[in-house]
Amino acid sequence: MTDGQRGPPGRGLGRRGVPPEACICPSCGEEVSKTRGVPCREMKCPKCGAVMVGK
Ligand SMILES: [Zn+2]
């Protein structure tokens, strides 16, 4: 018996692969091109000021 647990990583990173190319506002749907290196959640919608999410 081995104790090695090889489960999924603890950090939920969601889908791996290509990062979103745009951020979208969940509130009003405004879409802006993503700034590389800046997470969408650190951007705010230019229209309503809501926190953006990855498209
Ligand atoms: Zn908005």
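Of the 55 residues of the protein, 7% count as buried. The model is predicted.

**Exercise 1.** State how many helices and strands the protein has, and in which pattern they follow along the sequence.

Solution. Begin with the counts: there are zero helices and three strands. Then read along the sequence, which gives the pattern β-β-β.

**Exercise 2.** Work out the order of the strands in the sheet, the sense of their pairing, and which strands lie at the edges.

Solution. Step one is the order: the three strands form an open sheet arranged β2-β1-β3. Step two is the sense, and the pairing is antiparallel. Step three concerns the edges: β2, residues 31-33, and β3, residues 53-54, are the edge strands, each pairing on one side only.

**Exercise 3.** Describe the pairing of β1 with β3 and name the bridge partner of Ile24.

Solution. Strand β1 spans residues 22-24. Its pairing with β3 is antiparallel and runs over two bridges. For Ile24, the bridge partner in β3 is Val53.

**Exercise 4.** Is Cys48 buried or exposed, where is it found, and which residues beyond its sequence neighbours does it contact?

Solution. Cys48 belongs to the loop between β2 and β3. With 11 other C-beta atoms within 10 Å, Cys48 is exposed. Leaving aside neighbours within four places in sequence, the contacts of Cys48 are Cys25, Ser27 and Cys28. For Ser27, the C-alpha separation from Cys48 is 7.8 Å, and the two residues are 21 residues apart along the chain.

**Exercise 5.** Among contacts with a separation of 6 or more, what percentage joins residues 24 or more positions apart?

Solution. Such residues account for 28% of those contacts in the protein.

Key
Residues numbered from 1 in each chain as written. Predicted model: local features only at pLDDT ≥ 70, side-chain atom pairs only at ≥ 80, totals over all residues. Helix = DSSP H or I, 4+ residues; strand = E, 2+ residues; numbered from the N terminus. Buried ≥ 20, exposed ≤ 12 C-beta atoms within 10 Å, placed from the backbone. Contact = placed C-beta atoms within 7 Å. Pairing = 2+ DSSP bridges.
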